[in-house]
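Good morning, colleagues. Please look at the structure on the screen, and I shall take you through a few of its features.

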Amino acid sequence: MADLAQRTLPLAGVHGGSASVRLTPTQPTERISLRARAEDVTALSQALGLDLPTRPKTSASANGRTALWLGPDEWLVIGEAGSGLMRAAQESGVLHSAVDVSHRNTAILVEGPGAAAAINAGCPQDLSLKAFPVGACTRTIFGKVEIVLLRTGEESFRVEVWRSFSDYAFTLLAEGARDAAL
């Protein structure tokens, strides 16, 4: 019997940062790209166990899950590995589109007093607390790649990026972290 191929984690063993910024690749998580009509948001929220946000640049968290508003009918929902996001969406009983993107994406946690400056090395967003408060999220660019950015604390962010671009994003974040320490 042949050995089965094992999927390696993107950024496995990678560390980075500086005196003012810590970069940490996340552990595997479950993710779905969710699309639904406005009239189906309540049923999907109940099924997922959290209120899907309906305002631009907002997120909601509950029961180990986080939903990020990406558009009027689009969310990225992130849950702990094995949290059953697809099953929950399926059991909502309403019309929607849910695509499992767990293996497409990976995430990098960017934390510390220089976190915003490190991200701004490649992202044009105003990341001041006034313009981008805790819980704010957006789909934006970072260098040459698309990311989904979530502010998780006053000095902490989650950068969601396609795994094929994760080395590039991590390297650019590490350069930004070094610059932020100067």
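I begin with F165, which counts as partly exposed because its relative accessibility is 36%; partly exposed lies between buried, under 20% relative accessible area, and exposed, over 50%, with a 1.4 Å probe and protein chains only. This is a predicted model, in which local features need pLDDT of at least 70 and side-chain atom pairs count only at pLDDT 80 or more, while totals for chains, interfaces and linings use all residues. Residues are numbered from 1 along each chain as its sequence is written, and side-chain values use heavy atoms, leaving out hydrogens and water.

How many aromatic pairs does a search of the whole structure find? The search finds one. The ring centres of W162 and F165 are 6.4 Å apart with planes at 25°, so the pair is stacked; pairing requires centres within 6.5 Å, and stacked means planes under 30 degrees apart, against over 60 for edge-to-face and tilted for the rest, using the six-membered ring of Trp. W162 is also partly exposed, at 39% relative accessibility.

I turn next to helix α4, residues 166-180, where helices are DSSP runs of H or I of at least four residues and strands are runs of E of at least two, numbered from the N terminus. Its buried residues include S166, F170, L173 and A177. Among the elements that cover the buried residues of α4 are β8 (105-111), α3 (115-119) and β11 (156-162). In general, an α-helix has 3.6 residues a turn, so residues three or four places apart point the same way.

Definitions and conventions
Expected span 1.5 Å × (residues − 1). Contact = heavy atoms within 4.5 Å.
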